[in-house]
Amino acid sequence: MAAMPMPHLPTQNALSDRVCPWCGSGDTRLIQRGYTGPTDEVDQYFTCDRCGKVTYELIAKTSREMRLGRFRAGGVYRDSAHQTRYLVSRILKVGLNEYLVYLKPMPAAEAAVAT
Ligand SMILES: [Zn+2]
């Protein structure tokens with residue numbers, strides 16, 4: 001087969017097309033890593049206008065934080081500030097002292113963990 005054409009992406013608008021994993025709302029706003037903003041973000045995440053939760057897609061950690069947090073692929077990352085949990089899907093070293101931790105939200109974990 002010939003090379004596949006670029007996948008057709010849904011129309012990008014000002015709002016992100018991400019769906020909040022915690023409440024299912026599409027009213028989300030993406031904050032991309034590397035964009036110059038008021039806080040000079042190093043993490044990438046989106047916020048939900050309905051429930052107000054923050055969903056991280058990737059977070060930047062120093063090697064010290066990596067050691068302290070015991071991050072590993074397949075592990076669970078707890079965001080205690082927002083009471084949410086993530087599965088660590090991938091860890092990428094991007095500099096001498098910086099790692100990117102890719103996260104997948106675990107919305108069902110809250111219920112599943114309660115025994
Ligand atoms: Zn939400």
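Strands β3 and β6 pair in the antiparallel sense, over four bridges. A word on terms: strands, like helices, are DSSP runs numbered from the N terminus, with at least two residues of E for a strand and at least four of H or I for a helix. Two strands count as paired if DSSP finds at least two bridges between them. Within this pair, Leu58 has Tyr102 in β6 as its bridge partner.

Before going on, the basis of all this. This is a predicted model, in which local features need pLDDT of at least 70 and side-chain atom pairs count only at pLDDT 80 or more, while totals for chains, interfaces and linings use all residues. Residues are numbered from 1 along each chain as its sequence is written.

pLDDT is the predictor's confidence in each residue, from 0 to 100. The mean for the protein chain is 83, with 75% of its residues at 70 or more. Residues 9-13 have pLDDT below 50, and beyond near neighbours in sequence this stretch has one contact in the model. Contact here says that the C-beta atoms of two residues, placed from the backbone, lie within 7 Å.

Six strands form an open sheet, ordered β1-β2-β3-β6-β5-β4, with antiparallel pairing. At the edges are β1 (28-31) and β4, each pairing on one side only. On average, neighbouring strands of this sheet are turned by 30° against each other, direction ignored; the axes are lines fitted to C-alpha atoms, for helices over the stretch in contact, and angles run from 0 to 180 degrees between N-to-C directions.

Next, the β5 side. β5 (residues 84-93) runs antiparallel to β4 (residues 76-79), joined by four bridges.

Along β6, Tyr86 stands opposite Pro105, Leu87 has Lys104 as its bridge partner, and Leu92 stands opposite Leu100. The hairpin of β5 and β6 has five residues between the strands.

Leu96 sits in that loop between β5 and β6. Is Leu96 buried or exposed? Leu96 counts as exposed because it has 7 C-beta neighbours inside 10 Å. The cut-offs are 20 or more other C-beta atoms within 10 Å of a residue's own for buried, 12 or fewer for exposed, and partly exposed in between, with C-beta atoms placed from the backbone. C-alpha to C-alpha, Leu96 is 8.4 Å from Ser63, at a sequence separation of 33 residues.

Last, the interior. A nonpolar core is a set of buried Ala, Val, Leu, Ile, Met, Phe, Trp, Tyr and Cys residues joined through C-beta atoms within 7 Å. The largest one has eight residues: Tyr45, Phe46, Tyr56, Ile59, Tyr86, Leu100, Val101 and Leu103. At least two residues each come from β2 (44-48), β3 (54-61) and β6, and β6 gives the most, with three. Leaving aside neighbours within four places in sequence, Ile59 is in contact with Asp43, Val101 and Leu103.
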